[in-house]
Amino acid sequence: MRMWLSMKQTKLFTVDPERPEIEKIRLAAAIIKKGGLVAFPTETVYGLGADALNADAVLSLFAAKNRPLDNPPIVHVENMSEVYKLTETVPMKAEALIKQFWPGPLTLVFERSKLVPEVTTAGLETIAIRMPKHKVAIALVRESGCPIAAPSANLAGKPSPTTAKHVIEDLNGRIDAIIDGGPTQIGVESTVLDMTVDPPMLLRPGGTTLEALRKAIGAVDLHPFITAEVELPKEKVRSPGMLHKHYAPKAQVILVEGIVPAMMGKIKELTSACWMQGKRVGVLATDETAWAYEADVVKSIGSRRNVDAMAPNLFRLLREFDDQKVDIIIAEGVPADGLGMAVMNRLRKASGYNIIKVP
Ligand code: TXA
Ligand code: MG
């Protein structure tokens, strides 16, 4: 089916992220209530919101993003009574996690109630819900008076947006409004945890670390896709988003993993080989290593001593390499603990599993 998308005049509301001006939030909420599409900041990345209970609005959300209909969005709420309405059961472990991590970057998957339109859950019997922490996101959900379905506000397959500028690049003319609340803090999406199985299963690493989840509830299983270094067979899929192309800049990405000196040697070798082919090369390095590379563009994602601080730079830098028109991005692997697990998962996907391991 081809969905027709008419061009729109996208309105821009600029707000104070700490004390969002209520009149602007109400204008945006009025758009959501009428079935329109509004992009807004959360603490992770910008989301593209629609009334989660309005099937037509959610359909237009998929169309605006070019998103495949089998990949359901996350539903954002601002109070617990909405969670009970949208789900069949809330397991005890979920209650414990909610107490500790909500509002915040943790999405929980539950059995869904009949209230939820099928398109919102892409026909699944489950629903992914989170309560965001960002003041703008919370205010928008509250003023809209409905749960808000919001995938990341990028065109499907592209790196997620961490600024309003990124949203404009991808979606200007395709959506009704953007609320600009400045750059997002965490920089990678929420962690997605399936609570319909016991032990719960991590479906996507993100802003809430695996270490923190295990500390709170004990055992958490890892879906094989999370640590995958190759593309896994389709039967193993549990979260539809796992299947689709993701986070990919226009440039081809090669990820080099291993100990630092070996990685550096390999990246230099690859850079020379790409230059011989007349390609423009970007290297995604770290503070400790960036000085050592000669390439067309070299950028640092941050210090190896603080992986969590790398996350807010990741998607922005991938987009900047495209702005600087490199043909190839050669990226260093980073330690996979804390938010590093999410960063490495995004880099592996961005590379389409084009990964070179060095000793
Ligand atoms: O931080 C975030 O989570 C951001 C902000 C805007 O809140 N949102 C976001 O949404 O990243 P999106 O649509 O880009 O990613 C949603 C992920 C996808 O991987 C999707 O497959 C998964 O959640 N998901 C949604 N519903 C699901 C369900 N019922 N079962 C399993 N996975 C589900
Ligand atoms: Mg996304």
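**Note on salt bridges in the predicted model**

1. The structure contains 16 salt bridges, each being a side-chain nitrogen of Lys or Arg within 4 Å of a carboxyl oxygen of Asp or Glu. This is a predicted model, in which local features need pLDDT of at least 70, side-chain atom pairs count only at pLDDT 80 or more, and totals for chains, interfaces and linings use all residues. Residues are numbered from 1 along each chain as its sequence is written, chains are lettered from A and ligands numbered from 1 in the order in which they are written, and side-chain values use heavy atoms, with hydrogens and water left out.

2. The chain has 11 helices and 16 strands (DSSP runs numbered from the N terminus: H or I of at least four residues, E of at least two). Of its 359 residues, 58% are buried (under 20% relative accessible area; exposed is over 50%, partly exposed in between, with a 1.4 Å probe and protein chains only).

3. Glu 143 and Arg 26 form a salt bridge, with their closest N and O atoms 3.0 Å apart. Glu 143 belongs to helix 5 and Arg 26 to helix 1, so the pair ties together parts 117 residues apart in sequence. Glu 143 is partly exposed at 22%, and Arg 26 is partly exposed at 47%.

4. Glu 257 pairs with Arg 348 in a salt bridge, the closest N and O atoms being 3.1 Å apart. Because Glu 257 lies in strand 12 and Arg 348 in helix 11, parts 91 residues apart in sequence are tied together. Glu 257 is buried at 8%, and Arg 348 is buried at 11%.

5. A network of salt bridges links Lys 165, Glu 169, Asp 170 and Arg 319.
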